[in-house]
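Welcome! Have a look at the model first, then try each task before reading on.

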Amino acid sequence: MKIDGACHCGEIAYEAEIDPEAIMICHCTDCQILSGGAFRWGTLVPKEDFTLLRGAPTHYRKVAASGAERLLAFCGNCGTSLYGTQVDVPTSYSL
């Protein structure tokens with residue numbers, strides 16, 4: 001299923017091909033903080049199925065308690081969270 005996404009101010013936009021059967025809900029502390037709620041939903045999208053249409057996200061390197069690193073992208077203007085991905089060579093995006 002094709003989806004279109006954007007940040008709140010419209011500076012950044014993307015499109016992706018997702019599997020609607022592969023939506024996940026996470027209750028980890030990081031997801032609770034990022035969503036401001038009890039959970040956050042998302043889906044994993046292969047790199048070839050994700051296209052940034054407009055804008056340049058700001059990135060934050062998150063280091064987990066395990067030491068694993070993740071690159072989190074957000075709009076530098078309005079702060080909307082956009083995706084997470086691998087730090088060095090992205091192969092997928094978590095929307």
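**Exercise 1.** Does Glu 15 count as buried, partly exposed or exposed?

*Solution.* Keep in mind that this is a predicted model.
- Step 1: take the relative accessibility of Glu 15, which is 22%.
- Step 2: compare this with the cut-offs, where buried means under 20% and exposed means over 50%.
- Step 3: Glu 15 therefore counts as partly exposed.

**Exercise 2.** Find the residue whose side chain meets that of Glu 15 in a salt bridge, and say which parts of the chain the pair ties together.

*Solution.* 
- Step 1: the partner of Glu 15 is Lys 2, at 3.2 Å from N to O.
- Step 2: Glu 15 belongs to strand β2 and Lys 2 to strand β1 (residues 2-6), so the bridge ties together parts 13 residues apart in sequence.
- Step 3: Lys 2 has 54% relative accessibility and so counts as exposed.

**Exercise 3.** Describe how β7 and β8 run and how many bridges join them.

*Solution.* 
- Step 1: the two strands run antiparallel, and 6 bridges join β7 to β8 (residues 69-74).
- Step 2: one place to look is His 59, which stands opposite Ala 73 in β8.
- Step 3: the hairpin has 5 residues between its strands, and Gly 67 in this hairpin takes a positive phi near 100°.

**Exercise 4.** Which residues have the most contacts inside the largest nonpolar core?

*Solution.* 
- Step 1: this core has 14 residues, and those with the most contacts inside it are Ala 16, Phe 50, Leu 82, Tyr 83 and Leu 95.
- Step 2: β2 (13-17) and β9 (81-85) are the elements that give two or more residues to the core.
- Step 3: leaving out residues up to four places away in sequence, Ala 16 touches several residues, among them Ile 3, Val 45, Phe 50 and Leu 95.
- Step 4: in soluble globular proteins, nonpolar side chains tend to be buried together.

How values were computed
Residues are numbered from 1 along each chain as its sequence is written. This is a predicted model: local features need pLDDT of at least 70, side-chain atom pairs count only at pLDDT 80 or more; totals for chains, interfaces and linings use all residues. Side-chain values use heavy atoms; hydrogens and water are left out. A nonpolar core is a set of buried Ala, Val, Leu, Ile, Met, Phe, Trp, Tyr and Cys residues joined through side-chain atoms within 4.5 Å. Buried means under 20% relative accessible area, exposed over 50%, partly exposed in between (1.4 Å probe, protein chains only). Helices (H or I, at least four residues) and strands (E, at least two) are DSSP runs, numbered from the N terminus. Contact means heavy atoms within 4.5 Å. A salt bridge is a side-chain nitrogen of Lys or Arg within 4 Å of a carboxyl oxygen of Asp or Glu. Two strands pair if DSSP finds at least two bridges between them.
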